[in-house]
Amino acid sequence: MRILSFKPGHDGSVALLDGGKLIFALEAEKDSFPRYAEVTPSVVLDAMSLCDEIPDAVCLSGWVKGFHSVERSLNAGYFGWDESTVEVGSTTIFGRPVAMFSSTHERSHLMSAYGLSPFAQGTPCYALVWEGNIGSFYEMTADGRIVRLAQVLEDPGNKYQFAFALADPAVPEGPPAFRFENAGKMMALTAFADGADASDEERRLIDFILSQESILLGTPKSSVRWSPFHNAGVETQSFKNLAAHLSDAIFDRFAATARQLLTEGYPLLVSGGCGLNCSWNSRWQETGLFADVFVPPCTNDTGSAIGTAVDAQRHFTGDAKITWSVYAGAEFVIDTAVEDYRSRPLDLDEVAGLLADGLVLGWVQGRYEMGPRALGNRSLLAAPFDAAMRDRLNKIKGREGYRPIAPVCREEEMSTHFAGRSDSPYMLHFQEVRTPRLAAVTHVDGSARVQSVRRDQNAVLHDLLSAFHRRTGIGVLCNTSLNFRGRGFINRMSDLAEYAQDRDLDGFVVEDRLYLIRPA
């Protein structure tokens, strides 16, 4: 059965399932569109070009007619977890009748995590949806039902980013705007906390934030002028401490509920934008409450089109599992000739040598990754040994200096260089760095958000890491996303050539060719 699915609103995406296989997952922000973009005509046309036939069913993931979850519902709407929220009907596509399916945004998170997970259908699982608006636990039963076990906290993601807006003098005094990028900045800043206990001022503000309902609509920044953190600056030590203590308070509230209610030892599925918080993901693993913890690479709203397609497949066929690759995006577009570079066939040993000598290279292979993490197909690569390389990469990307740079490591070397998990293919966990030489990828607290890679997952990247290992004794590289600031991954040659020139890259690799900037 062919199922074409659309996710409206921010992090817009289009996905196609055919016979239980994910054929593609295209995201509106990719190809250098603004981050968190809604579905555009461009991405719809790209999806149409990849469809060989009219689908049997078209899905619209439930959303709202606006931006915030309280607005009027679009199709199945935002909230609702059980099957009573599903809408099934019919429509026509180019004159052909097709089934029409919609289920809620809440279900899209649950079904995406379940469908992508490695657990066989019929395996009971616990699930956590925590995102901007929803913070709840569920049980995915052996017979396919979804039972909500507890609503733990309204607006966990919005509460998490509220503190950043409060402390940032650049944010206006009215109700805080949605600034999705603040969550990643908060996550980076928590590592700079000095370990002191929370002060009375911190506890008062944290209690206030956690008690607010609909915080982004109902709590203007001006109403919290009483707090010493109001416009205090996000890089002050006091705010770094607050960020860590607020992060702990949110996690601890969910963990307390889990210890009370999630007692059967089932695997845990983590979904929603808070699933991008690597610290929290690692802490779920460390609780020991679950047989396993699975976080999909598209745990945020980029996975919602997939989740609704999985839900439709379950409805029409009874099967809620799919086969998939994280490299499910579009192929790279060669839209221009590159004349300002020396070009030659790719030699991985040569590239490893250039990286070892301190060059920064763009790296493009195959189809782009689904979700927000660059996993070796749309990456900037560099040697991981010098802390100055972290600063250079942050400058290239236009990011704050406190932001860490992630490593990619051959899976067979994970236990040598990183404590904890031996596999982390989607770069969604923090792990302690064991090797002092890895200064460029070691955050201030000694951790790294590492991606592991096996050859069967990404052969060319693994082979490059092996070549780098032969040169340096370590199969680890810096790996950060190849994108203009505030834009999704670069996906065409004209943008890549402009980026390389403007951002002082030394060159780039596209598929089987190496391009080096010509000497002046």
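This is a predicted model: local features need pLDDT of at least 70, side-chain atom pairs count only at pLDDT 80 or more; totals for chains, interfaces and linings use all residues.
Two residues are in contact here when heavy atoms of one lie within 4.5 Å of the other.

**Histidine 429 and its loop**

Histidine 429 sits in the loop that runs between α12 (414–417) and β18 (431–432). Because buried means under 20% relative accessible area, histidine 429, at 6%, counts as buried. Setting aside residues up to four places away in sequence, histidine 429 touches Cys278, Asn281, Ser282, Gln285, Arg421, Ser424, Ala448, Arg449 and Val450.

Methionine 427 lies in the loop between α12 and β18 as well. Its backbone deserves a look: phi of methionine 427 is near 60°, a positive value in a residue other than glycine. Most residues other than glycine have a negative phi. Aspartate 504 also has a positive phi, near 65°, and belongs to the loop between α14 (493–502) and β22 (507–510). Which of these two residues is buried, and which is exposed? Methionine 427 is buried, with a relative accessible area of 2%, whereas aspartate 504 is exposed, at 53%. The table sets the two side by side.

| Residue | Phi | Relative accessible area |
|---|---|---|
| Methionine 427 | near 60° | 2% |
| Aspartate 504 | near 65° | 53% |

**The second largest pocket**

Rolling a probe the size of a water molecule over the atoms shows where empty space is left. In this model, the second largest pocket holds about 470 Å³ of space. Its lining counts 22 residues, and Ser279, Ser282, Arg283, Phe430 and Asp445 lie nearest the centre. One of these, Ser282, is also touched by histidine 429.

Which elements build the lining of the second largest pocket? At least two residues each come from α4, α7, α8 and β18, and α8 gives the most, with 5 residues.

In soluble globular proteins, nonpolar side chains tend to be buried together. The largest nonpolar core here has 48 residues, and those with the most contacts inside it are Trp130, Phe239, Ile250, Phe254 and Trp284. Elements that each supply at least two residues are β9 (125–130), α3 (156–167), α4 (181–190), α5 (200–211), α6 (215–218), α7 (237–261), β12 (268–271) and α8 (278–286). Of these, α7 gives the most to the core, with 9 residues.

Leaving aside neighbours within four places in sequence, tryptophan 284 is in contact with Leu128, Trp130, Phe137, Phe251, Phe254, Ala255, Ala258, Leu268, Val270, Phe290 and Val293.

**The overall fold**

Stepping back, the protein has 14 helices and 23 strands. Its C-alpha trace spans about 65 × 65 × 45 Å along the principal axes. How does the radius of gyration of the protein, 23 Å, fit a compact globule? With 520 residues, such a globule would have a radius of gyration near 24 Å, so the value for the protein agrees.

Buried residues make up 58% of the 520 residues. Among contacts with a separation of 6 or more, 71% join residues 24 or more positions apart.

Definitions and conventions
Residues are numbered from 1 along each chain as its sequence is written. Side-chain values use heavy atoms; hydrogens and water are left out. Helices (H or I, at least four residues) and strands (E, at least two) are DSSP runs, numbered from the N terminus. Buried means under 20% relative accessible area, exposed over 50%, partly exposed in between (1.4 Å probe, protein chains only). A nonpolar core is a set of buried Ala, Val, Leu, Ile, Met, Phe, Trp, Tyr and Cys residues joined through side-chain atoms within 4.5 Å. On a 1 Å grid over the protein atoms alone, a cavity is a set of points where a 1.4 Å probe fits but cannot get out, and a pocket is an open set with protein on both sides within 12 Å along at least five of seven lines; lining residues have an atom within 4 Å of a point. Grid points are joined across faces, edges and corners, and a volume is the space filled by probe spheres set on the points. The radius of gyration is taken over C-alpha atoms; the globule rule is 2.2 Å times the number of residues to the power 0.38.
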